[in-house]
Amino acid sequence: MALVTRIRRAVLTLPAAEPGPDNPLPPLRPLDEVHRLDGPEPSGMPPDMARRLGLAPLRDLLPVRVRDGYDRMRAPRRLDALVIENDRLRATVLPGLGGRVVSLLHLPTGRELLYRNPVFQPANFALNGAWFSGGIEWNIGATGHTTLSCAPLHAAPVPAPDGGPMLRLWEWERLRDLPFQVDLWLPDGSDFLYVGVRIRNPHDRPVPTYWWSNTAVPEEVRILVPADEAWHFGHERRLRRVPVPSYEGVDRSRPLAGPHAADYFYEIPDGRRRWIAALGADGHGLVQTSTDALRGRKLFVWGSGPGGRRWQRWLTEPGTGGYCEIQAGLARTQLEHVPLDAEGEVSWLEAYGPLDAPAEGEWGEAVRGAARRLETALPRARVEAAYAAWRAHADAEPGELLATGSGWGALDVLHGNRKLPGTPFPESTLGEAQEPWRELLRTGALPAPRRAQPPGETLVAPHWRDLLESAPADPHTEYHLGVAQWHAGDRAQAVRSWERALPGAAARWPLLRCLAVADQEDGHHDRAADRYAAAFDDLCDHLRRELPDADGETWTAVRAALGRESLRALLAVRRTADARAVWERLPPAVRRRGRFRLLEAELLLAEGRGAEARAVFDTDFEIADLREGEDVLGRVWATLTDEPLPAHYDFRMRPGPA
């Protein structure tokens, strides 16, 4: 008897690192995002692609916070999961971690179709930091891995088009203020997981939109896609049009063929079915296909070089095989945003399932053979029909909540009295973080914190900035108003707001830090160093005077975040004595972190103590939040010695020296 499709709760127990607290400082600048173009645009670029490359890049990460509090100390940890299965497939989803599909198991053969990471190890890849590898991830917001990579989503069952259950995931994406949903269902007897995605723009203005579905698969495969050209993008941040599958004498359809990490954005001709497959030498593997709205297809490879191998080990545990990613997006490349009309929406259907087809042989014949097998297993017309059937159910109201996301969507719905059928954001999801803003909405005044604590998150959308501008101008409100003005691009007014707040502020360090960032952006590095030093002094005085026992997680995160920025600013202008004073006042546990061991080495170098700086490297520290593409380890090492960079410090993702 066939297993009727069902949804059930489950628990995964994995070796997992603790996520830790978010960075408490407002991110007034974006993290270094690798998906941007340096230098001129290549010739022959299609006009729509050229327009979208320059559309609405991020100026900062507001209103979200940077997630950098995780470590690399893994221990068994229980992760709540949701499972949707029929008699052919079993999909395991982590609603608390971005709705990641961490496993897609083909039951008749027992084959795992995805790369399934056996550990949970955050690393610094998302737009706001914490991200982890493996499975299928849903990327919305701006170019890069979503800020929701390690965040909870709402989840609930809804009726599927065939009358069975469907698992709905939904949230409010805060970088662009867009609600979205991801509906997963398995028709009875189907070998394919269907995924319906909808993004809505509830605003009266166009909004730049971004989406890529990223699927990790084992890297010992051949990637097949119906294209003969691709846009190559590497960590030198240049785009060039290259032939597929081979150029420079290397078959790039094999992820381990090239030495360096790279992206290949495929040019699928208009009218051709959109799909991409990863097949092993035995001809077995995974295929992803979709309706045409999801036009882009991409391959990401780590490459066979030492840096790529180091990153692979960094993201999992010894003895685990490597992975590559096959991806699908709204645009040709991940350097683009697509405009979404006011009060408009965009939607599509994806399908994921097993494919058996010969992977070897001449490119054109291998691609045509896989296309024929796909059409037999899942006809294109069936995907179109499933999309039409799903659209009739996209507004269906969810049943009992299986998981709860954030309260930010509820706050925005409350402000705009919005109606979003199918994706409810009830007031019951509002929490402590949203409460001051609900009070601002209700009374017109932003309440100050009831106890001594760092400033909370700032809402920066125009309608919240308007409320802040009309609220009573106390120091707490002026601080948040300045952050919102900074985000809007009115940096001079932001500085004035922060300066007005300084005389009456009980704690001056949040304002001084914001002013220091403004000085750095304006090129006033000496004045920025002065303000950072004053901010760190004020923080230490504030804690000693008001909170002598403030050794908890929150205040440790504040001291670490402000101390790190202060050290960098002071070292940049060679104020080593002041930098040393900051270092000595950091908690010992903070100084032992890998990021701060590196700062210690840089401080020792600046003080002329090269042998002691080299001794720091000899302790084999690890920087838990090392950024993708960051080459600081190689640069500092090169100032210490002419010896080759040790393998455990080699994260270089580009040709040539660090």
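Tutor: Helices here are DSSP runs of H or I with at least four residues, numbered from the N terminus. In this predicted model, Glu435 lies in helix α6, which covers residues 435-443.

Student: Is Glu435 buried, partly exposed or exposed?

Tutor: Partly exposed covers the range between under 20% (buried) and over 50% (exposed) relative accessible area. Glu435 counts as partly exposed because its relative accessibility is 32%. Glu435 and Pro447 are 12 residues apart in sequence, with their C-alpha atoms 9.3 Å apart in space.

Student: How should I read the two faces of a strand, and which residues of β20 lie on each side?

Tutor: In a regular strand, side chains alternate between the two faces of the sheet. In β20, Ala262, Tyr264 and Tyr266 are on one side and Asp263 and Phe265 on the other, and all of them are buried. Because 5 of the 5 residues of β20 (residues 262-266) are buried, the strand is largely enclosed by the rest of the structure.

Student: Which strands are joined to β20 by bridges?

Tutor: Strand β16 (residues 229-234) runs antiparallel to β20 and is joined to it by 5 bridges, with Phe233 having Asp263 as its bridge partner in β20. Strand β23 (residues 296-301) is also antiparallel to β20, again through 5 bridges, and there Tyr266 has Arg297 as its bridge partner.

Student: What is the volume of the second largest pocket, and which residues are closest to its centre?

Tutor: The volume of the second largest pocket is about 1,100 Å³. Of its 38 lining residues, Arg29, Leu31, Arg564, Glu565 and Arg568 are the closest to the centre. Helix α12 gives the most to this lining, with 6 residues, and by class the lining has 18 nonpolar, 5 polar and 15 charged residues.

Terms used. Residues are numbered from 1 along each chain as its sequence is written. This is a predicted model: local features need pLDDT of at least 70, side-chain atom pairs count only at pLDDT 80 or more; totals for chains, interfaces and linings use all residues. Side-chain values use heavy atoms; hydrogens and water are left out. On a 1 Å grid over the protein atoms alone, a cavity is a set of points where a 1.4 Å probe fits but cannot get out, and a pocket is an open set with protein on both sides within 12 Å along at least five of seven lines; lining residues have an atom within 4 Å of a point. Grid points are joined across faces, edges and corners, and a volume is the space filled by probe spheres set on the points. Ala, Val, Leu, Ile, Met, Phe, Trp, Tyr, Cys and Pro count as nonpolar, Asp, Glu, Lys and Arg as charged, and the others, Gly among them, as polar. Buried means under 20% relative accessible area, exposed over 50%, partly exposed in between (1.4 Å probe, protein chains only). Two strands pair if DSSP finds at least two bridges between them.
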